[in-house]
Amino acid sequence: MMRFPVPGSLRLRFLLAVTLWVLLGTAAIWFSAVSIFSRHVEQSYHEELEVHVRELGRLTEIAPDGAIVLTRPLSDPRYDVPLSGFYWQVTAEGRAALRSGSMTRGSLEEDIAHSPEILHRLDNGPTGPAITYGFTRKGSAGEDIHFVIATDQRELDRLIGSFTRDLTAWLAGLAALLLTTGFAIISFGLKPLDRLSLAFARLRHGQAEKLEGEYPAEIAPLAADLNAYIHQNEAMVARARVQAGNLAHSLRTPLAIITDDAERLGKFDQGRAASTVLLDQASAMEQQIEYQLARARSAAGKKPSGRGVVLPDVVLPIMRAMERLHPDKRFTLDAAGCRGTVLPCDPVDYAEVLSILLDNAGKWASEEVRVTALCDGSGASTVTIADDGPGIPDHLIDAAFAVGARFDPAAAGSGLGLPIARDLSEAMGIDLTIANGAKGLVAIMRFVPQALEQG
Ligand SMILES: Nc1ncnc2c1ncn2[C@@H]1O[C@H](COP(=O)(O)OP(=O)(O)OP(=O)(O)O)[C@@H](O)[C@H]1O
Ligand SMILES: [Mg+2]
């Protein structure tokens, strides 16, 4: 399939180059063929007419009564068809001129016939511009006899014109064929690049772990280098995660000891203020540690699954689980427009974000949690999770995404749900926001596919 070339693309360059090349080539062939053919036609035309004028000279005699006569008609019958475009004329001083049967009117200029050599030039004939040939010969009384033959210029033009028309049609066909095959060759040649960009898209959408496919020798090293780079990068990120997790883990025991000592310090009157500060700081550190451990846990051993997220199927099992976790709340799903929509996101991460948001909604809803999925044809989707609970005061909405942020001391939790959900969403290209709705809190997960493929 021929793809439409975008400005600045290799394909467009090749198409322009091939088009120019083919047009230049056919134009050059056209010009040279027409000029060579015209030269040849003119030459054989002249040769033929010189034969005619010579024949005219040979057949001409002066009769005993002094009249100019032909011993027999010229061999070309066109000289006898009226106004056929082929004319001859013999004149001599003091005698009546003899003209071909085709010359039912007018006469020919005899100026051209002023030497024994056959000369020719363009003159006016009985039916328009004519190529005129002539020579003279001395008669028996020493008088000049002028032999003139003329053929209409359009006869020659007609010959060349019909050749040019045929040639033009043929060359136009050839150019069209060359252009089509040229475009097909370009498409064929650029196929590996198209495959490369598709492989890139799959990679970026998380449907593949590396650049897949075989590539020609010119770009195979590029693909191999990129794969090596991707691999190295992944390994580095994984190592960094594990290190963050290890670090967090190794801080737990010292922190527990500090907390323990701070609590003991608080039992003394002089140490009470210091103890409060220490305990506050220790708890902040603990939250960070828990967050890092939770992130390390969710990243551990995870591979891109390559399946993508199927809406609304991904929601159902999580909803069932939440119904068991919050048995007194009602969960409903409306995803009529999203049947079978596949998002190019990691399903494990997507499910984790949904779990966090549904758990929050279940915790704070008074009766009902509504999940709505909206999809449009372009692959964009919006999933909203709305509850009918107290919501979050507007000025605290942004702060809710901070590690450890909790605004409801009565409810259990560690304040890590929303920051983790946002982290995972960002990695998947999902825009996660929360807002106060008509009844309670509304969490919105908006996915817009990025324009990946260009050209
Ligand atoms: N649906 C909601 N309705 C009302 N308040 C909410 C809702 N979701 C979150 N919040 C508020 O935002 C805070 C942060 O939520 P987050 O999920 O990050 O932590 P958590 O639920 O308290 O703890 P965790 O999820 O780590 O168990 C909550 O403590 C709560 O005060
Ligand atoms: Mg939570």
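Biologist: How many residues sit between β11 and β12 in their hairpin?
Modeller: There are 5 residues between them, and Gly379 in that turn has a positive phi of about 95°. Strands here are DSSP runs (E, at least two residues), helices are runs of H or I with at least four, and both are numbered from the N terminus. Before we go on: this is a predicted model, where local features need pLDDT of at least 70 and side-chain atom pairs count only at pLDDT 80 or more, while totals for chains, interfaces and linings use all residues, and side-chain values use heavy atoms, without hydrogens or water. Residues are numbered from 1 along each chain as its sequence is written, with chains lettered from A and ligands numbered from 1 in the order they're written.

Biologist: OK, and how many bridges join β11 to β12?
Modeller: It's 7, linking residues 368–375 with residues 381–387, and the two strands run antiparallel. Leu374 stands opposite Thr382, and Ala373 has Val383 as its bridge partner. Two strands count as paired if DSSP finds at least two bridges between them.

Biologist: Which strand does β12 pair with over 6 bridges?
Modeller: That's β14, again in the antiparallel sense. Ala386 is opposite Val442 there.

Biologist: How many residues of β12 are buried?
Modeller: 5 of its 7, so call β12 mostly covered. Buried means under 20% relative accessible area, exposed is over 50%, and partly exposed is in between (1.4 Å probe, protein chains only).

Biologist: What sheet are these strands in, and in what order?
Modeller: It's an open sheet of 5 strands, ordered β9-β11-β12-β14-β13, with mixed pairing. At the edges are β9 (330–334) and β13 (430–436), each pairing on one side only. From one strand to the next, the twist averages 15°.

Biologist: Which strands does α6 lie across?
Modeller: Helix α6 (residues 347–364) lies across β9, β11, β12, β13 and β14 (441–447), at about 25° to β12. Helix α5 (residues 315–325) lies across β9 and β11, and runs at about 170° to β9. Contact means heavy atoms within 4.5 Å. Axes are lines fitted to C-alpha atoms, for helices over the stretch in contact, and angles go from 0 to 180 degrees between N-to-C directions.

Biologist: New topic: why is β3 called largely enclosed?
Modeller: Because 7 of the 7 residues in β3 (residues 86–92) are buried, the rest of the structure largely encloses the strand. Phe86, Trp88, Val90 and Ala92 point one way, Tyr87, Gln89 and Thr91 point the other way, and all are buried.

Biologist: What does β3 pair with?
Modeller: Strand β7 (residues 144–152) is joined to β3 by 7 bridges, running antiparallel, with Tyr87 opposite Ala150. Strand β4 (residues 98–99) is also antiparallel to β3, through 2 bridges, and Val90 partners Leu98 there. β3 and β4 make a hairpin with 5 residues between them, and Gly94 in the turn has a positive phi of about 80°.

Biologist: Last one: at what angle do α1 and α2 cross?
Modeller: Roughly 160°, with the axes of α1 (residues 10–59) and α2 (residues 153–204) coming within 9 Å. The two helices are therefore roughly antiparallel. The cut-offs are: under 35 degrees is roughly parallel, over 145 roughly antiparallel, 65 to 115 roughly perpendicular, and the rest oblique.
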